[in-house]
Amino acid sequence: AEYNKNNEVYVEWSTNEKAAVEVAAGAAYSGKRALVTMKQVGLNASADPVMNLAYIGTKGGLVILVADDPGPISSQTEQDTRVFGNYSNIPVLDPSSPREAYEMMVEAFEISEKYECPVIIRPTTRVCHGSESIETNKILEKKNLYGFEKDSRWVIFPKLSYEVHKSFKERNKEIGRYFSKSSFNEKIIRGKKGIISQGISYQYTKEVLSSVESDYSFLKIGTAFPFPEDLVVDFLKEVDELLVIEELSPYIEEEILKLIGQNKLNVDVFGKLTCHISFAGENSPESLKASICNYLDIEYKNEIEDIEVDVPTR
């Protein structure tokens, strides 16, 4: 609102997240691009229209930005929106920095308009509170989509839901293949020990690995759903064991275990399910260093001195 001097963008605050999604959906039905923002708890409140949108689809691009809150720092729950995206069949992008969040926003609108579906962008607390100098050189091509057109697709009849639900399988496979080639995913092959990470945990993992000397293979996943199966299977074929570092749920870990079973691969997987990574709360470079060093068989040195300080409770 502050920077919208020429009224190029319509901005409003809604009564709650459910109403916000419904207003944005109305705009998208009429061919306008719309963005609606909330936290993970707000996604619970808006789950009814969001789930229906997954089936009804959109005309103009519709992006739902959901800020997850590991910790939690200012929320009632710890939830993982990647799981909601999987459950609702809505594509999810998972940025690791403000720059990547900016780039993903352009990509999200393009995916939304190509497949006529909502897209979720899921930054976590530290990405949302971060800042970065970037060049705003991404161009989102304008589309000439005018007005609301009466069509039975906007009415969620049971038979329509059944037909649309069947179409999700092929659509998700197509998007998954596209995501396997996405620049938001990065792969390095340097050994039989593998590490996979995402989001801000990728930045923390990279920071820890910059100070250790070891042969390891690394995969960053920025496209959470549909899962980039082709990319991950190729990576799994290059390693014997794997450490998965993520926030909040063991989402990637569980997807990898499914792929290992489906493809009859012999790879040991460590992560939240095996208690090698904390199951709850935020990750940090300090909390990950011991786990990574232990996994890579490197001596762990705690460089931070513990000091007893009586800190007031938030």
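A volume is the space filled by probe spheres set on the points, which are joined across faces, edges and corners.

Housekeeping next. This is a predicted model, where local features need pLDDT of at least 70, side-chain atom pairs count only at pLDDT 80 or more, and totals for chains, interfaces and linings use all residues. Residues are numbered from 1 along each chain as its sequence is written, and side-chain values use heavy atoms, leaving out hydrogens and water.

I looked up the second largest pocket and got about 440 Å³. It has 19 lining residues, with Asn172, Lys173, Pro226, Phe227 and Glu229 closest to the centre. Helix 7 (158–180) gives the most to this lining, seven residues (helices are DSSP runs of H or I, at least four residues, and strands runs of E, at least two, numbered from the N terminus). By class I noted six nonpolar, six polar and seven charged (Ala, Val, Leu, Ile, Met, Phe, Trp, Tyr, Cys and Pro are nonpolar, Asp, Glu, Lys and Arg charged, the others, Gly among them, polar).

The largest pocket comes to about 1,800 Å³. Its lining counts 40 residues, and Val9, Tyr10, Arg33, Ala34 and Leu35 lie nearest the centre. The lining splits into 25 nonpolar, seven polar and eight charged.

I traced an open, mixed sheet of five strands, ordered 1-2-4-3-8 (two strands pair if DSSP finds at least two bridges between them). Strand 1 (34–39) and strand 8 (223–225) are at the edges with a single partner strand each, so one side of each has no neighbour in the sheet. Strand 2 (62–67) and strand 4 (119–121) run parallel, joined by three bridges; valine 63 has valine 119 as its bridge partner.

**Helix 1 against helix 3**

Helix 1 and helix 3 (47–56) pack at about 25 degrees, axes 9 Å apart (axes are lines fitted to C-alpha atoms, for helices over the stretch in contact, with angles from 0 to 180 degrees between N-to-C directions). That makes the two roughly parallel (angles under 35 degrees). On the helix 1 side, the contact (heavy atoms within 4.5 Å) includes Lys18, Val21 and Tyr29.

Methods
On a 1 Å grid over the protein atoms alone, a cavity is a set of points where a 1.4 Å probe fits but cannot get out, and a pocket is an open set with protein on both sides within 12 Å along at least five of seven lines; lining residues have an atom within 4 Å of a point. Angles under 35 degrees count as roughly parallel, over 145 as roughly antiparallel, 65 to 115 as roughly perpendicular and the rest as oblique.
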